[in-house]
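This report describes selected local features of one protein chain. The sequence and the model are shown first, and the discussion follows.

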Amino acid sequence: MYLPKIIELETSRTCNLKCATCPRNRHPIGPLYLTPDTFSKVVDEISTVQKVYLIGGGEPLLNPYLNEILEIAQKKNIKIGIVTNGTLVTKDIIDRWKEFGIWQVAISLDSFEQELLDKLRPGASVTKVQGAVKSLIDSGIKVGLHTLRYKGNVSEWKSILDWCWSLGIGVTFINPIYNEDTEGDPVIGRPSSWLPSILKDKRGSWCTSQPYISLEGGIYTCPFIPLLANGNEIKEFFLGHRIETTLENFYMGNILGTSFPDVWNGKRYKDFRQGFKGMPKIIDKETFVEMRIQKPIKGTVQEYCASCTARWGVSCEA
């Protein structure tokens, strides 16, 4: 099986914001930052890597080793993408990123209304983040917006789209998001009022299962589930139905203790890929809802993962 060309690395577990729904609030702390040594080991182990996303449960710009990591990537001719909340982006940083040849930057912004943003991302400024987006555009670095769906920002989706399109950039409305279920527990969910726009929000991009590697070296099938898990539990309350699975189903191995090719070509990954054969790439509302309320079959996660169709417009090829 070919090795991946794109991977995603957890970069930081510290942040300058205190977002109410951030999974970092419920996770054991453990290591704080991706180190240059770990970065080098990972990209050397996966010799096919051409692009790396620096993401995770914290703010990448707070990683004190970030410039060293970017230098290593540049020397190895690896393109870097960064997912940031945008509040720490300055002209000096943008100039440095230009020198490092940063591939693209995704900035998180959930509302254009400061009052609502104060509740969703305390400490963030609409004006400052929008200014960072425009500065990145002016610099020539590819930039896009990441927006989480909440009940409170339902009315903004069109204005967010219009703003992004007026600047010639893309926007990804990210799911799943946190919501309150009928028992008051914070779980992953989608407000039903978002469903019609989710199903219309199709993208022509091809979604593949890019391995996500944690600071401890854990290899997962994608970043969304390990970042949103509460311990080993993954709970979702969707349209009146509770869906549950376990993080263990998404864990493939550890790159710091096992050869990555052995993990990538091992039985767990093979079984994971096998489960996607015959899955529809485009689904209608009824099929989407039916998939979403099904529990994982025989200990696998394919039916759970297949609802990425509503996020990206295609289901995962794994």
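## Trp97 and the nonpolar cores

In this predicted model, Trp97 is in contact with Leu61, Leu70, Ile82, Val89, Ile102, Val105, Leu136 and Ile141, leaving aside its neighbours within four places in sequence. Trp97 belongs to the largest nonpolar core, which has 59 residues. Phe39, Val52, Leu54 and Leu145 are, together with Trp97, the residues with the most contacts inside that core.

Another core, of 12 residues, lies apart from the largest one. Among its members are Ile55, Tyr212, Ile225 and Leu247.

## Asp95 in helix α3

Helix α3 spans residues 91-100 and contains Asp95. Asp95 has a relative accessible area of 33% and is therefore partly exposed. Along the chain, Asp95 and Ser139 are 44 residues apart, and their C-alpha atoms are separated by 7.9 Å.

Ser12 is located in the loop between β1 (6-10) and α1 (36-45). Because its relative accessibility is 0%, and buried means under 20%, Ser12 counts as buried.

Not counting residues up to four places away in sequence, Ser12 touches Leu32, Tyr33, Ile55, Gly56, Gly57, Gly58, Glu59, Pro60 and Leu62. A polar atom of the Ser12 side chain lies 3.1 Å from the backbone nitrogen of Thr14.

## Aromatic residues

The count of aromatic pairs comes to 5. One aromatic cluster is formed by Phe260, Trp264 and Tyr269.

Conventions: Residues are numbered from 1 along each chain as its sequence is written. This is a predicted model: local features need pLDDT of at least 70, side-chain atom pairs count only at pLDDT 80 or more; totals for chains, interfaces and linings use all residues. Side-chain values use heavy atoms; hydrogens and water are left out. Helices (H or I, at least four residues) and strands (E, at least two) are DSSP runs, numbered from the N terminus. Buried means under 20% relative accessible area, exposed over 50%, partly exposed in between (1.4 Å probe, protein chains only). A polar contact is a pair of N or O atoms within 3.5 Å; within protein, one must be able to donate a hydrogen and the other to accept it, and residues adjacent in sequence count only if both atoms are side-chain atoms. Contact means heavy atoms within 4.5 Å. Rings of Phe, Tyr and Trp (its six-membered ring) pair if their centres lie within 6.5 Å; planes under 30 degrees apart count as stacked, over 60 as edge-to-face and the rest as tilted. A nonpolar core is a set of buried Ala, Val, Leu, Ile, Met, Phe, Trp, Tyr and Cys residues joined through side-chain atoms within 4.5 Å.
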